[in-house]
Amino acid sequence: MATKNYGTNLARAAIGQGLAMGWGDEAEAWLRAKSGEGDYQQNLNKIRKEYGQFSKENPYVSGAAEFGGGFVPGVAAMLVPGGQAAGAAQMQRSTLNALARLAATGGVTGAISGAGSAEEDRGAGAVSGGVIGTTLGATLPIAMRTGKGLYNWAKERIRPTDALTEQRALQKFTEALSDSGMSPNDVKRIMQRDRALNVPSKVANVGEAVTDLAEAVAQRSGKAARKIEKGLTQQKAGIRERTYSQTAKGLKPGDYYADEQRMVGELRKKADTLYDQAYEYGTVDDPVINEVLKSPAFKNFFDKAKEIADAEALAAKVRGEDPSKYELQNLYKVIRDDKLNPIGVEVTQLPDVRTLDYIKRGIDASIDAGYKSAKGMSTAEATALKKLRKGFVDRLDNIVPDYKTARGSYAGDMEVIDAMRKGMDDFGGMDHEQVASFVKNMSDAEKHAFRTGVARDLYSRVMNPSTNFNAAQRIIGGIEMQDKLKPLFDSPKQFRVFKNALERESQLFHQANNILANSRTAKRTEMGKKLEEGNEIGGAIADAVTGGFWNSLTKTALTGLRKTQMTDATADKLADMLMASDPKQVAAAVKALENHAAQAGPKALKASAIERGTVTGTSSAIFPSPSDQETPQPIESDIESDIASPSVGPSIEDDIRAEEANRR
């Protein structure tokens, strides 16, 4: 018999059993009683009888309506402020939390629905409903995601398209960025910073999880892996040159082995005006200087000074300049014996500042010649000459303050050369405190020369070894080396830029090494499988012969899902993005990621709403419909009925007749 009031019962299914979670019959009975239509219990019995019959006659319609009604509050909850997913990235990071919330939602919905559907013990119904709802809330989303994953896995392999491949690659990349706590804009920012530091980073270097993704691609065999290997090999190959380039950029050294005299001449030329001002002092009449000039050693220094002055005068003539400024006083007269053999020297006049400065340069030339000679200069000789030079210069500084000022700008030929040699020969063995103290007392010229020597020393460290190694780590890796280099920079800011650049170079080298080393091991394993033809499908076919096809096929599918996370096309697309370094390529990759994120957010929100609705709908519809049996009514009886009804037990007359028969 067809159920009456089909539309009413359909509404009871959707609203009363689904949306109201099983409490609709009670609500309807109460409202009818309040409006004067019978009492509550009579209305409830009638409603349950009508809906029970409807549910029995239309099980699929009622079930679908109940599910639909329960689906609505789950979706509606996503529209409440705070209920929405912030975006695809956040949802990826909070998968476990999302599943836990869905389980809790199912538990609450199940408890309410269980209590509403119970006809007698509401408490027991709530408890059992909560358990069932929690189970559904935990398992249904997992089943839905698994099914969706299986569908996407099959679609990607059976009917791949360029759009699907790109979407899959962008999804993988977005997940990696999410794991690193980054956004597409962070990729652009990091790449721009690296370019400013002149560090040739690639998109694969922007974060740890992104680097892991590059390693996963590199571990495959095929075109994608070769792209990763080629890009990272090129990145590693130039690290030594880039390390020295960063060092030279920071220290601003000269060319150590270029013409030393040319460098000295250029440095001195910068101080010519100051020296000309000091030369205007004129004649120097100092007893100490007058006395030391009488020694044969100073006569030799004067002779070297004259050679230097004559060479400079000749160069001036070639340039078309007046050479007279390079003419020195003739201070000495040679004393000879009767046989005209030289036996001593005599100072014929007081020296001027120019002549004394050139004598100082003669001392420098003597020290320099001692270093360059075949025999070399002993430490004692070098120390003695340096002390003599220092004492001579200090005396002249005290007499002529302008000379001291000029030397403050340019310390002099030999001081510059000494500083340069010390930078190359001694820097490695110096403590950072020694370097700081040494540089502090240097003139600008000496500091420049010292940095030139240090740069040459560092060049040897990074360029001489034949094997490729982490050159940046060798320069900047130790705290002591950092503290030694810091005083050589013009400002702390310049040192920080240098340090950041080399630390980033070191990081890139380390990442490339790890990716390439691990990828080779993985690729060997994969190639071995291919050579042995050990593919799972072949195994499944072989098992079919022995009767184990379905078990093997199931195992093959699970293994494929577990191991084959991306197709070759997806890996190839990812390789292009990960190895991007050109600004245009990076900008295109970032734009694609931003577009994907903008589209994925609403999709993720929709998927989450469907999962929540499915949980609430199922938790509401899972419980049985109200009974269609009427509550038994009390049986009315009266005396007349009792008399009229036939006796069901033995009569008195029968008992008497039986007794008489026994007596006979």
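Asp-568 is exposed, with a relative accessible area of 52%, where exposed means over 50%, buried under 20% and partly exposed in between (1.4 Å probe, protein chains only). The model is predicted, so local features need pLDDT of at least 70 and side-chain atom pairs count only at pLDDT 80 or more, while totals for chains, interfaces and linings use all residues. Residues are numbered from 1 along each chain as its sequence is written, and side-chain values use heavy atoms, with hydrogens and water left out.

The side chain of Asp-568 meets that of Arg-220 in a salt bridge (2.5 Å, N to O). The term stands for a side-chain nitrogen of Lys or Arg within 4 Å of a carboxyl oxygen of Asp or Glu. Arg-220 is buried, at 16% relative accessible area. Because Asp-568 lies in helix 28 (residues 568-578) and Arg-220 in the loop between helix 10 and helix 11, the pair ties together parts that are 348 residues apart in sequence. Helices are DSSP runs (H or I, at least four residues), numbered from the N terminus.

By the salt-bridge rule the count comes to 25. Another of these bridges joins Arg-389 and Asp-364 (3.2 Å, N to O). This pair links distant parts of the chain, with Arg-389 in helix 18 (residues 379-399) and Asp-364 in helix 17 (residues 353-372), 25 residues apart. Arg-389 is buried at 8% relative accessibility, and Asp-364 is buried at 2%.

The salt bridge between Lys-486 and Asp-483 has an N to O distance of 3.9 Å. Here Lys-486 is partly exposed at 41% relative accessible area, and Asp-483 is partly exposed at 24%. Salt bridges with shared partners also join Lys-223, Lys-227, Asp-572 and Asp-576 into one network.

Leaving aside residues up to four places away in sequence, Lys-236 touches Asn-468, Phe-509, Ala-512, Asn-513 and Leu-516, contact meaning heavy atoms within 4.5 Å.

The aromatic rings come next. A search of the whole structure finds eleven aromatic pairs. The ring centres of Tyr-275 and Tyr-279 are 6.2 Å apart and the planes are at 55°, so this pair is tilted. Rings of Phe, Tyr and Trp (its six-membered ring) pair if their centres lie within 6.5 Å; planes under 30 degrees apart count as stacked, over 60 as edge-to-face and the rest as tilted. Tyr-275 and Tyr-279 are four residues apart in helix 14 (residues 272-279), and are therefore separated by about one helical turn. Tyr-275 is buried at 2% relative accessibility, and Tyr-279 is buried at 12%. Together with Tyr-403, Tyr-275 and Tyr-279 form one aromatic cluster.

For Phe-438 and Phe-450, the centres are 5.3 Å apart and the planes are at 65°, so the pair is edge-to-face. Phe-438 belongs to helix 21 (residues 432-440) and Phe-450 to helix 22 (residues 444-463), so the pair ties together parts twelve residues apart in sequence. Phe-438 is partly exposed at 27% relative accessible area, whereas Phe-450 is buried at 0%.

The ring of Phe-438 also has the charged end of Lys-422 over it, 5.2 Å from its centre. To sit over a ring, NZ of Lys or CZ of Arg must be within 6 Å of the ring centre and within 35 degrees of the ring normal. The charged end of Arg-361 likewise sits over the ring of Tyr-358, 4.7 Å from the centre.

Finally, the backbone. Most residues other than glycine have a negative phi. Asn-198, not a glycine, has a positive phi of about 60°. Asn-198 is in the loop between helix 9 (184-196) and helix 10 (208-218), and is partly exposed at 45% relative accessibility. Lys-252, also not a glycine, has a positive phi of about 55°. Lys-252 is in the loop between helix 12 (239-251) and helix 13 (260-270), and is partly exposed at 37%.

Conventions: Helix = DSSP H or I, 4+ residues; strand = E, 2+ residues; numbered from the N terminus.
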